[in-house]
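Hello,

Here is the structure I promised to pass on to you. Have a look at it first, and then read on for what turned up.

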Amino acid sequence: MNRSKAILISLRFANSYLSTRFRTTTRQFSSQVTQIPHLRQSISTLSYASNLINTHQKLLFSSTPNSFVELVVANDWSTELENELETSPPKWTHETVMFVLKKLDKHPQKASDFFNWVLEKNGFRPSSSIYSLMLRILLNKDTMKLFWITVKHMKEQGCYLDEETYLTMSSQLKKDKMATDLAALSHFYNSMIQDNAMEGVVKQVVGVVLGSEWSDKVEEQLGEVIVELSDNFVIRVLKELRNYPSKALSFFYWVGQFPGYEHNTVTYNAAARVLGRDDSIREFWEVIEKLKAAGHEMDLDNYVKITRQFQRKRMMEDAVKLYELMMDGPYKPSVQDCSVLLRHISASDSPDLNLVFRVVKKYESTGHTLSKAIYDGIHRSLTSVGRFDEAENIVKVMRNAGYEPDNITYSQLVFGLCKARRFEEACKVLVEMEAQGCTPDIKTWTILIQGHCATGEVDKALNCFAKMMEKNCDADADLLDVLISGFLGQRKIEGAYNLLVEMVDKARLRPWQATYKNLIEKLLGESKLEQALELLRQMKKQNYPPYPDPFVQYISKFGTVEDAVEFLKALSVKEYPSSSAYLHLFKSFFREGRFPEAKDLLYKCPHHIRKHHEISKLFGSAQSTPATSTTA
């Protein structure tokens, strides 16, 4: 008997729900639907546009930044390759070099060869930001020798390693357990800060800027402090002012008027990076306009960082606008960036379809055909806002393009129908899936069950769960967490506990640590200490770290000495828990004014705990306190 059948039999509630069957009639993906003007027009002109743009790209193969990437990736580095690169060279600007390196980030050796070659061409002088990107690319066990050579060159060029890059690389070295390189990098970074004469001036400048509101006096003080300006210096100051965008912008504009100094693509990009946040978005676009007017471009590495920030902060209008700007320029984002952006748009409670179609239109305008991921991105937003007819149309167009709907596509429809509380139709989708030869996977079932739980339809969720078990689809920790949360949302705490225990015992499932924690807290809130302790023991068997805090709070307020003893036994895999665990519990008893219980517990503790210095000190101070003694 497999795990699914064992669970189905053992769950007492299953039989009462199995009589409710899914009907086989369901809405067909191929039914008559409303047309989407945006996409219809887009698709009708796609073939012509693609041919036109692809032909144009072939004619200009030797002069576009992407063509250099393709050439370097396709060939081993050689004199012949260098000659080929030189036949129709672009102007090696900051943006061009950054673009090529970013595109070569999965080819560290080739990135290093290109970087070393371009350093010798036309007197190109890399900025600190280019060196930072190069170091991130080379941070790999197989290319650490090249990494340290590049660090040496960076230092010789007077460039610096910024804190953000240093912390990112340190984290990666820790993860890869490269302790020697981690120590060397830390030594280099600290030495660089101490030895860099620029550091002291940077701190002075930042102190002046942050010391008061911007004024003629501040400008006068800055003029006294700054003797010489360089791109690296400006970048350093801007990074230090990143949490004060308005002051960073004032400094940026003031520096631009400094005698003998002119902003360039490096400093414009640095300013944009600092200003790319919700509280300075107007200033961000102001700087972008000036950057473009000056003939510069946003570099690709900067774009990636800023668009991630926009997406993380749900600034989707700005993320789309920035995507359009980059797609109109020579340093276009990767193909994957389009589907990632669509996914973030669809993740909002009410996706903006105008933004969806702006992204798709811009993507197509550069000659790309729509991929399965792009179709799914459009479909996801349409189903999320309840535009099911138009979503069906997308599936029809997708099929015509050679892509069959899969679990991702169907799951999005299920999610949208559940969101619209059209549960019966959502259930029928799974029947339609099987009829089309697409077996619902655990994620599709989870979305269906979660949709029911989110609206309090726990009984129907259990019906779906039982149906899933009949299909021999095994549950996982995600689905269990959804069901437990559904039970708890209906205050069915006993049922949640029984379900979790059954799933662990019968299905050999390993619940998430967060699921255990959530259920333990709810059980203690209902004074169900015995069940909570059983979950603590299960956590121990699953090799999760102990979760003592809610037990300590509960037992010190409401529990007995025997409860405390059982808790301490359940807490550790060893014979006795640590002395700190005992100390924590004793202190909590004291805070609740339960000194007698604490003293009784102490007598039941092993000898080494009773004689522990901190614990003896705790009880000694308690006995010497009149108030406590009176309580005792």
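A pocket here is an open set of points on a 1 Å grid over the protein atoms alone, with protein on both sides within 12 Å along at least five of seven lines, while a cavity is a set of points where a 1.4 Å probe fits but cannot get out; lining residues have an atom within 4 Å of a point. Points are joined across faces, edges and corners, and a volume is the space filled by probe spheres set on them.

Please keep in mind that this is a predicted model, in which local features need pLDDT of at least 70 and side-chain atom pairs count only at pLDDT 80 or more, whereas totals for chains, interfaces and linings use all residues. Residues are numbered from 1 along each chain as its sequence is written, and side-chain values use heavy atoms, with hydrogens and water left out.

Now to the largest pocket, whose volume is about 1,400 Å³. Its lining has 47 residues, and K102, R136, D301, K305 and R308 lie nearest the centre. Helix α19 provides the largest share, ten residues (helices are DSSP runs of H or I, at least four residues, numbered from the N terminus). By class, the pocket lining has 16 nonpolar, eleven polar and 20 charged residues. Ala, Val, Leu, Ile, Met, Phe, Trp, Tyr, Cys and Pro count as nonpolar, Asp, Glu, Lys and Arg as charged, and the others, Gly among them, as polar.

There are also five cavities of 30 Å³ or more in the whole structure. The largest cavity holds about 250 Å³ of space, and of its 21 lining residues, S129, K239, R273, N302 and K305 are the closest to its centre. Helix α17 gives the most to this lining, five residues.

R273 also forms a salt bridge with E164, with the closest N and O atoms 3.1 Å apart (a salt bridge is a side-chain nitrogen of Lys or Arg within 4 Å of a carboxyl oxygen of Asp or Glu). This pair links distant parts of the chain, as E164 sits in α11 and R273 in α17, 109 residues apart. In total, the structure holds 28 salt bridges.

Finally, α19 (residues 300-312) packs with α7 (residues 94-103) at an angle of about 65°, their axes 7 Å apart. On the α7 side, M98, F99, K102 and K103 meet L300, D301 and V304 in α19, contact meaning heavy atoms within 4.5 Å. These contact residues divide into four nonpolar, no polar and three charged. Axes are lines fitted to C-alpha atoms, for helices over the stretch in contact, and angles run from 0 to 180 degrees between N-to-C directions.

Enjoy exploring!

Key: Helices (H or I, at least four residues) and strands (E, at least two) are DSSP runs, numbered from the N terminus.
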